Amino acid sequence: MNAAVEPAAIAIAGLNKRFGQLSVLRDLDLTIADREFVCILGPSGSGKSTLLNIISGLEGGYTGTVQLGATRVGYLFQEPRLLPWLTAEKNVDFALDSCAVPQSRRAELKDHYFDLAGLSAFRGFYPHELSGGMRQRVSLVRALCVEPGILLMDEPFGGLDELTARRLRIDLLRIWRESRKTIVFVTHNAYEASYLADRVVVMARGRIRDQIKVTVPRPRDYDDPAVFDVNRDVVRRFLAAADVAEPAVPESDPALNPPGGKP
Amino acid sequence: MGLRLASLAGAFLIWWLLSLAMPANLLPGPWVASVTLAKDFAQGDVLPHLAITLLRVTGGLALAMAIGVPLGILMGINHRAEKVLDIWVMVGLTVPSLCYAIICFILIGLNEAATIVAIGLTAAPSIAINLWEGVKTIDFKLVEMARIFEAGRTRILARVLLPQVMPYIMASVRMGLGIVWKIAVLVELIGRPNGVGFKLFYWYQLADMAQVLAWTLLFTLVMLVIELGILKQIEHRLFGWRPRVGL
């Protein structure tokens, strides 16, 4: 990436975050290019969700700098987080209202993204009438309709069965090809990362341990052997990164070194 | 609705069977009570008393909600407030409604204000407890979602928090109404010269069981109309989105 040629979508430098005595992110530097699809891969407690929350502005109280090239950020949580008393369409309206998207653009945006997500027939359905995968699709439509410059996704398919998750991954890439947002996608699934990303960033214990460029050409086939090859490489380097023995905290202060890492 | 009607008919049937087993002056049957009530209506004796009781019930319920709802919400969202107030609510719940009535009549006087205050104070703790529990079930992940979509405080309050608390507010109205009815009658009995409670006490002193049952019947009918005709309809409109659960 050449920052001089194209301004970065996200530029993070020297980021440190603590929860009380626990250091969650340490000296983290990360630059993400405009329209890049980055997957952050890490085990539970590696600080990847915290990183996402800081980028989104939900989490404050850190040191270092976080600069965004976009004013609006979309966020897809692990759960759909739909308002249960509103229909799919009204849930999207809620976001459009909140973000003050002009009335004149709303119908077109909704038609476009509901269609893209394959949900045109389900706009009037309540969340409890939809399957888990469809709810997550509604959530994706909601995130896209407010036209964020950056889309943050925190294990959005983690709670779904494998078949549904697979369909959603394929659809996500299809939608991404059309909308071309910058995406930061957090996951602990190496294959998912290999299939989706331009670049896989491996995190462990609050640091970036490794980065792997994925050069498989797009559009990608979910079962392309090339993706499997990338996956093998990613897993190998993921394991290596997780195994790095490290004096996490100065040994002079054992109180700062709780066993087991972040809760 | 059919099942509900059958159930109601069953209650009348039990009443009728019991009345057959007991002397007529001790337990008149549903027919006698209904005819007595109809006669009272025709004499114009019912509506003024019913109206004043309804007024007290409405006023007392409004006061109870005005105290109980904010109190319960505060206790649900603030741990310090919970620690300070939960003992108050417990004590408030334990004090018999008769004590509230007597204290209010002595301190405020034998008037409508005292009546409504006594009713409101008695019902408020139950409403507070209901909302306290309700606020604890709020899904704050939805608030986080709303913040991501740049929603301000007012919008989050009105469109994310209030709809989650609304079922508990509605449940409080229903429960509160049930409590308020019972207290209103009691308060009228000891300190007011009119109202359904006053009439019940009057006929009790004359040991006229047909009249006592007639007024009890009236009371129950009005309650049912409010419950089924108003509250159920509001609930249906507000919570129509909820999935029907079959057991």
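How many residues does the contact take from chain B and from chain A? The points below work up to that.

1. **Ground rules.** This is a predicted model, in which local features need pLDDT of at least 70, side-chain atom pairs count only at pLDDT 80 or more, and totals for chains, interfaces and linings use all residues. Residues are numbered from 1 along each chain as its sequence is written, while chains are lettered from A and ligands numbered from 1 in the order in which they are written.

2. **Chain A as a whole.** Chain A has 7 helices and 9 strands; these are DSSP runs, helices being H or I with at least four residues and strands E with at least two, numbered from the N terminus. The radius of gyration of chain A is 19 Å, close to the 18 Å that the globule rule gives for 263 residues, so chain A is as compact as a globular protein of that length. Here the radius is taken over C-alpha atoms, and the rule is 2.2 Å times the number of residues to the power 0.38.

3. In chain A, 6 strands make an open, mixed sheet in the order β5-β6-β7-β3-β8-β9. β5 (73-76) and β9 (207-213) of chain A are at the edges with a single partner strand each, so one side of each has no neighbour in the sheet. Strands pair if DSSP finds at least two bridges between them. β8 (residues 199-204) of chain A pairs with β9(A) in the antiparallel sense over 6 bridges, and A:A204 stands opposite A:R207 in β9(A).

4. **A covered strand.** Look next at β7 (residues 182-187) of chain A, where 6 of its 6 residues are buried. In a regular strand the side chains alternate between the two faces of the sheet. A:T182, A:V184 and A:V186 point one way from β7(A), and A:I183, A:F185 and A:T187 point the other way. β3 (residues 37-41) of chain A runs parallel to β7(A) over 5 bridges, with A:I183 as the bridge partner of A:F37. β6(A) is also parallel to β7(A), joined by 5 bridges, and A:I150 stands opposite A:T182.

5. **Two domains.** An automatic or database domain assignment gives chain A domain 1 (8-71 + 150-256) and domain 2 (86-148). Their contact takes 14 residues from domain 1 of chain A and 7 residues from domain 2 of chain A; two residues are in contact if their C-beta atoms, placed from the backbone, lie within 7 Å. On the side of domain 1, α5(A) gives the largest share, 6 residues.

6. **Back to the opening question.** The contact between the chains takes 16 residues from chain B and 15 residues from chain A. On the chain B side, α7 (140-148) and α8 of chain B are the elements that give two or more residues, and α7(B) gives the most, with 7 residues. That side divides into 10 nonpolar, no polar and 6 charged residues. Nonpolar covers Ala, Val, Leu, Ile, Met, Phe, Trp, Tyr, Cys and Pro, charged covers Asp, Glu, Lys and Arg, and polar covers the others, Gly among them.

7. **A helix in chain B.** In α9 (residues 196-205) of chain B, the buried residues include B:V196, B:F198 and B:L200. The buried residues of α9(B) pack against α3 (47-77), α8 (153-191) and α10 (209-239) of chain B.

Key:
A residue is buried if 20 or more other C-beta atoms lie within 10 Å of its own, exposed if 12 or fewer, and partly exposed in between; C-beta atoms are placed from the backbone.
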